[in-house]
Amino acid sequence: MTTIDYPQPARLRAFQLTQTKTPWLIRKLLGRPFAPTPEEYATLHHGLFEGDPVMDEYIKARLDGSTHKADWREFHQALSSENPLAFCGSGALHQLIQSTCINPDWVDWKLIEEGVHFIHSTGRAATDVLRDMALMGGYLMVAFNKTLILTGELEKGAAPRLASTAQWWLKVINPRANIAGGDGALATLRVRWMHALVRHQLINSPHWDSRQWGLPINQVDMAATYLGFSAVMLLGLRKMGIVITPRNSRAVMQLWKLIAWQMGVKEQWLVDTEAQALVRLRQFLFTHSPPDDSTRRLAGALAREPLSRNYTHLQVLRRQLAYHQHLSSSWYLLGPGMFYKLGLRAPLGPLIALMAVPVRAAIHALGRCMPGYSSRFAQHGRRAQEIAVAELQQRQTEQALPPFSVNAN
């Protein structure tokens with residue numbers, strides 16, 4: 001089937017193989033089948049070869065204007081200034097700031113703040129789901145892994161990689177963090193800049209095969225990642241025993257829709273509901289090859305991360321306990337089929353995770369329902385998330401390796 005003027009990457013299944021049947025009940029709930037239409041398939045094909053045009057153009061302008069090494073000081077100075085929109089820099093920087101620091105009209109700030117409040121109320125359950133389900137399950141998407149391996153992220157170890165993502169997550173999940181010029185929005189813009197640098201370097205690397213993988217950090221892969229932080233997290237929280245109302249769901253999806261837009265994901269990939277997100281995620285699976293050795297290497301590194309933790313007391317015992325807790329959590333959240341494809345084994349299966357579900361469900365229900373306690377409960381949850389990220393950051397410092405160089409002064 002001919003779609004567009006791009007080569008058919010090996011990672012993208014032929015159109016006929018995407019036309020799988022959707023169970024009747026799921027089709028009824030979603031309002032449509034998982035299988036993409038010819039137009040949606042063509043859009044997926046195109047998205048695999050599309051990066052972040054605005055940021056890519058800025059990177060190109062700076063590199064073309066440099067005789068030796070590109071000077072990125074103006075970018076960081078603009079983001080550190082009181083008003084990035086008023087910063088006097090190059091024309092390319094001004095265009096970038098103008099297009100990324102003015103939020104779109106569809107933003108519902110009340111709903112976004114509700115989404116932040118809800119995620120705070122989930123406490124460490126949210127960080128566990130993102131680690132043991134979204135991140136671990138993401139390693140089944142082989143094209144993601146190629147970027148990590150070629151940029152040296154695998155050699156850095158799981159703890160530093162997990163810590164850097166968690167620190168960014170903590171910044172964006174905060175009240176009013178994602179307004180134009182807010183701390184979260186600027187942190188997202190810095191990540192977006194790094195993505196563009198990596199994309200530029202890998203495109204020019206002899207080790208990157210575009211005919212097989214498409215463009216590095218392309219629109220499809222960025223959209224899949226954003227849905228991992230939103231729809232996949234909501235699914236995991238439900239399995240953890242946390243009740244999610246339709247309003248909670250819409251709030252979280254709206255929050256991450258804005259964050260994804262600020263990250264450079266085009267509006268055609270953004271969704272408003274979990275049902276739309278599940279269809280997208282199922283279609284994104286058609287753009288990935290079966291799990292390979294990179295899946296097992298990355299999943300194994302993340303699974304062993306607890307064994308490198310430092311505890312003040314009973315270190316050996318607590319390392320083993322954390323190791324088996326996270327393995328059990330991944331088994332339960334992902335299901336045995338996906339879990340075993342990662343090359344992992346959990347001696348106790350989902351038992352440890354299942355034992356925690358009733359207690360967590362009861363605590364969360366009481367915290368949300370007790371009159372006058374909802375705000376305090378969310379504050380306690382946020383504090384637990386900060387502690388979890390601080391522990392990761394401490395391990396990152398202890399295991400620090402030289403970072404991947406992107407030629408940034």
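Where is the place of Arg176? Arg176 sits in the loop between α10 and α11.

1. **Basis.** This is a predicted model: local features need pLDDT of at least 70, side-chain atom pairs count only at pLDDT 80 or more, and totals for chains, interfaces and linings use all residues. Residues are numbered from 1 along each chain as its sequence is written, and side-chain values use heavy atoms, with hydrogens and water left out.

2. **Positive phi outside glycine.** Arg176 is not a glycine, yet its phi is positive, about 55 degrees. Arg176 is exposed, at 54% relative accessibility. (Exposed means over 50% relative accessible area, buried under 20%, partly exposed in between, with a 1.4 Å probe and protein chains only.) Ile217 also has a positive phi, near 50 degrees, and is a residue other than glycine. Ile217 is in the loop between α12 (210-213) and α13. Ile217 is buried, with a relative accessible area of 14%.

3. **Helix α10.** Helices here are DSSP runs of H or I with at least four residues, numbered from the N terminus. α10 covers residues 158-172, 15 residues in total. From first C-alpha to last it reaches 22 Å, close to the 21 Å expected at 1.5 Å a residue. (The expected span is 1.5 Å times one less than the number of residues.) Eleven of the 15 residues of α10 are buried, so the helix is largely enclosed by the rest of the structure. Among the buried residues are Trp168, Trp169, Pro160 and Arg161.

4. **Helix α14.** This helix spans residues 246-263 and has 18 residues. Its reach is 26 Å, close to the expected 26 Å. α14 is mostly covered, with 15 of its 18 residues buried. Gly264 follows α14, and its phi is positive, near 105 degrees.

5. **Salt bridge between Asp221 and Arg11.** A salt bridge is a side-chain nitrogen of Lys or Arg within 4 Å of a carboxyl oxygen of Asp or Glu. By this rule the count comes to 18. One of them joins Asp221 and Arg11, with the closest N and O atoms 2.8 Å apart. Asp221 lies in helix α13 (residues 219-239) and Arg11 in the segment before α1, so the pair ties together parts that are 210 residues apart in sequence. Asp221 is buried at 7% relative accessibility. Arg11 is buried at 2%.

6. **Salt bridge between Glu305 and Arg131.** These side chains meet at 3.0 Å, N to O. The pair links distant parts of the chain, 174 residues apart. Glu305 is in the loop between α16 (293-304) and α17 (315-334), and Arg131 is in helix α7 (residues 124-138). Both Glu305 and Arg131 are buried.

7. **Salt bridge between Glu386 and Arg382.** The closest N and O atoms are 3.4 Å apart. Glu386 and Arg382 are four residues apart in helix α20 (residues 374-398), so about one helical turn separates them. An α-helix has 3.6 residues a turn, so residues three or four places apart point the same way. Glu386 is partly exposed, at 29% relative accessibility. Arg382 is buried, with a relative accessible area of 9%. Elsewhere, salt bridges that share partners join Arg131, Asp132, Glu305 and Arg309 into one network.

8. **Cavity.** The structure holds one cavity of 30 Å³ or more. (On a 1 Å grid over the protein atoms alone, a cavity is a set of points where a 1.4 Å probe fits but cannot get out; lining residues have an atom within 4 Å of a point.) Grid points are joined across faces, edges and corners, and a volume is the space filled by probe spheres set on the points. The largest cavity holds about 50 Å³. Its lining is Thr100, Cys101, Gly181, Ala185, Leu186, Leu189 and Gln262. Helix α11 (residues 183-203) gives the largest share of that lining, three residues.

9. **Surface patch.** Trp24, Leu25 and Leu29 form a nonpolar patch on the surface, with about 420 Å² of accessible area together. (Patch residues have over 30% relative accessible area and no salt bridge; nonpolar side chains, meaning Val, Leu, Ile, Met, Phe, Trp and Tyr, are joined within 5 Å, like charges within 9 Å. Areas come from the Shrake-Rupley method with a 1.4 Å probe; for residues, only the protein chains shown count as cover.) Trp24 lies in helix α1 (residues 24-30). Trp24 is exposed, with a relative accessible area of 64%.

Definitions and conventions
Helices (H or I, at least four residues) and strands (E, at least two) are DSSP runs, numbered from the N terminus. On a 1 Å grid over the protein atoms alone, a cavity is a set of points where a 1.4 Å probe fits but cannot get out, and a pocket is an open set with protein on both sides within 12 Å along at least five of seven lines; lining residues have an atom within 4 Å of a point.
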